[in-house]
Amino acid sequence: MFGNQFKIAWRNFRKHLTHGLLNLTGLTLGLTGCFFITLYVTDEYSYDRWIPGHEQVYRAGMEVKTQTNDVIAFANTSGFLRQALLVYPQVTTATRIFEYGSNTAVSSNSGDQKKFNEKGIYFADSTLLEVLPYPLLAGNARTAMNDADGIMLTEEKAEKYFGKENNVSSYLNKILTINEKNYRVTGVLKNVPANTYFRPDFIISTVSVRNEQWFRRNMENWHGTMTQTFFKLKPGVQWEAFEKQIRYIAYQYVGDEIKANGQVYTHFIQPLTSIHLHSNLRYELSKNSDILYVRVLSFVALFILLIAGINFINLATATASSRAKEVGVRKVIGANRSQLVLQFMIEALMMSVMAFLLTAVLVMVLLPSFNQIADKSFTVSQLFRPSLIAAGLGISVGIGILAGIYPAIILSGFNPMRIIQRYGAQKKTHSLRNALVVTQFAISILLIVATIVVHRQLQFMKSFDLGIDQSQVLVIPVTGKDATSNIKTLLEKFRGQAEVISVSASGNVPGQEFGNNLFRLKSDQTKQTDTRLLSADNEFFRTYNIQLLAGRLVNMNPDTSQKSGDIMINEAALPFFGWKKPEDALGHEFDYGWGTVCGVYKDFHFTSLQRGVTPLAIFYNPYWLNYISVKMNTRDAATTIGKLEKAWQSVVPSLSFNYFFQDEAFNRQYLAEQRLGSLFLVFALFAIAIACLGLFGLASFTAAQRTKEIGIRKVLGASVAGIVKLLSRDFLALVVVAAVIAFPLAWWAMSSWLQHFAYRVPLNAWVFIVAGGGALLIALITVSFQAVKAALANPVNSLQAE
């Protein structure tokens, strides 16, 4: 029986080939869009779930509020917190992690002594692998972090520095040199998956630095925020309840000091698996995503599937009259309703399975392009996981059932007598089809508005006046002692190049995470604020074209007899200390030896426009210089960079020359928004294409149904334009209704999204006019194609049509 029904299904597909192909194409596009979004969303939710025991792993964070600042949330905490947590019986183990440094020179003692700039280097306690049990390919997890000279590295980095070995254990006990200090390989980690928050390349035990002054000063201090603290809770412990217990843990140790400083310290807990999507704190170990974007894309996937399903229902019910006689004859000769439902369901399932197979091919073809847009690295082999194939097939079959069940019930329920007597039973579904078309285009218009707004916001952030000039600035990381000890020589060498306009050295560059500290006025200790810190020479202001408002630049050769050196502040800091004009700040001294204000400069944005400008202090410390910024004439950038590299090699030949363009690096802060904008554009096009396919099919069906009417109108003198208008106006009215529904929803959604930015574009009326007008124009072109074709047909043929 099934074989016969499949034959009938195939014959009907071939008989109604145009509508069949439209349906198949729409379902394929819908499934493809849904599959890609599902792949992306699944990957975002999978972060850190591969780590054994991740259900019990948490990170402690810290909020600080001063008398003048709003709450500031830190991913970093005090170095003392680990030991304080271990006092609680709910905690089984804990570890601390902090970055080695911004730029670090690494080399091996075998073969080529070339040093490379590495960033993924961290210090961690010996308990690291107890809390985060990353797989070890070689070494002992219990002892790998116990030695002062021990270091763990990934297999990828082991191969980079020691060459490929057949036996991974061969890497053990080999020597790596990091900033002139030798470390012995005690463990080789399996390469850490991309879906991981903490992705180290090298891990050094804190045993190696526990007696050093800088470590003790920063870690043995309840007021510092240098390290991230991860810990494990015992199974069954409710982390929300435990969080309440440790919320004010610091007050048990330094409560009087905190109160004396006029501050409030609050600790909180984050499950490990929630960090990637739910955390955007100061000093994150990696750039996180945003749960909002993931949820938005999930809704987009549902929208695309909904539009594809609507197409199926619309075209199936619209072509019902062409199947009416078939249904009537089948019922007359004894077919029951269940048999007819089964027949139509088989046709729907056949279509959905065909769409699934085409989707699989299309996904493989488009995967490289999707990886580029989404900034992912999915491979074809990942697509052939049994679970993913089963899920894809299940979704396809589910769509087939859901999209086919309504047409099946409607078609099988026709009265055979009324069908044979040609009573236009299809009119019963006319209102439903209109409602579904409205839904399709409302979703499409919403996506068009979202695409325009996201694109405008991105362009706004990229072109916004940041208060600094980052164009034509090349930034060179200063790595290792060889470079830092020769930084003055490097600066002079670079300044000697003809195409170089200015050169400066600084501890950081705009767009990166700056350090912070509490600045308090020495003469009035009620005046205080959290302040970001930057060490830079005087050329920094010229290189980045930062305007000085009052005073002078810092003295780079200070008198050592002075108790307090020079420091400069920005405009944003003035209100916190009660100063109304830049000149009012000059000569005032900050507590804790931070310095005396020698100058005030105009505000500039040193971080993303998602945040406003906050107080920033600039001072000069020759030991805190990690980057060289070169302002150059870019008429022949390649030649100039080549000359800079030669100058670098002449001073520090053992170090590799690395660089990046400052404006490009700054804009990488908006990577998540760029991904969202690109994905919105792609899937909005998917949605519009699917909706247009359905509209095209309905228009062609309507034109075919009104063949005789069109012929009579033409004989009576109707113009082609009049007939096109007749056939188009109903569909265009539906698009107008869709716009009326979509506009308020789009305004609410995009207003909510824009609230995430301190600086944002306005939601102008023209955005909605363009989106609605665009949808109307697309619908007009789609419908007019069939309408013009019908209007130009020979009326004689039309009147002869059955």
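# Burial, helices and backbone

Trainee: Does Q472, at 31% relative accessibility, count as buried, exposed or partly exposed?
Mentor: Buried means under 20% relative accessible area, exposed over 50% and partly exposed in between, with a 1.4 Å probe and protein chains only as cover. At 31% relative accessibility, Q472 therefore counts as partly exposed.

Trainee: What pLDDT do local features need in this model?
Mentor: Residues are numbered from 1 along each chain as its sequence is written, and side-chain values use heavy atoms, with hydrogens and water left out. The model is predicted: totals for chains, interfaces and linings use all residues, side-chain atom pairs count only at pLDDT 80 or more, and local features need pLDDT of at least 70.

Trainee: Where is Q472, and what is its phi?
Mentor: Q472 sits in the loop between α16 (430-463) and β14 (473-477); helices (H or I, at least four residues) and strands (E, at least two) are DSSP runs, numbered from the N terminus. Most residues other than glycine have a negative phi. Q472 is not a glycine, yet its phi is positive, about 60°.

Trainee: Which loop holds Y592, and what is its phi?
Mentor: Y592 is in the loop between β20 (589-590) and β21 (595-601). At 45% relative accessibility, Y592 counts as partly exposed. Y592 is not a glycine either, and its phi is positive at about 65°.

Trainee: Within what arc do the buried residues of α5 fall?
Mentor: In helix α5 (residues 155-162), the buried residues are K157, A158, Y161 and F162. An α-helix has 3.6 residues a turn, so residues three or four places apart point the same way. The arc is taken from the directions from the helix axis to the C-beta atoms. The buried residues of α5 line one face of the helix because, seen down its axis, they fall within an arc of 105°.

Trainee: What covers that face of α5, and which residue follows the helix?
Mentor: The cover includes β4 (104-108), β5 (116-118), β8 (150-154), β9 (175-178), β10 (181-189) and β11 (202-205), where contact means heavy atoms within 4.5 Å. Phi is positive, near 85°, at the residue that follows α5, G163.

Trainee: What do the buried residues of α7 pack against?
Mentor: Helix α7 (residues 239-246) has F242, E243 and I246 as its buried residues. They cover an arc of only 105° around the axis, so they lie on the same side of α7. Their packing partners are α3 (81-85), β3 (91-99), β12 (228-233) and β13 (264-271).

Trainee: Which helix gives the largest share of the nonpolar patch?
Mentor: V361, M364, V365, V380, F384 and I389 make a nonpolar surface patch of about 490 Å². Patches take residues with over 30% relative accessible area and no salt bridge, joining like charges within 9 Å and nonpolar side chains (Val, Leu, Ile, Met, Phe, Trp, Tyr) within 5 Å; a salt bridge is a side-chain nitrogen of Lys or Arg within 4 Å of a carboxyl oxygen of Asp or Glu. Areas come from the Shrake-Rupley method with a 1.4 Å probe, and for residues only the protein chains shown count as cover. The largest share, three residues, comes from helix α12 (residues 337-374).

Trainee: How many of the chain's residues, in percent, count as buried?
Mentor: The chain has 27 helices and 24 strands. Among its contacts between residues at least 6 apart in sequence, 80% join residues at least 24 apart. Of the 802 residues, the buried share is 52%.
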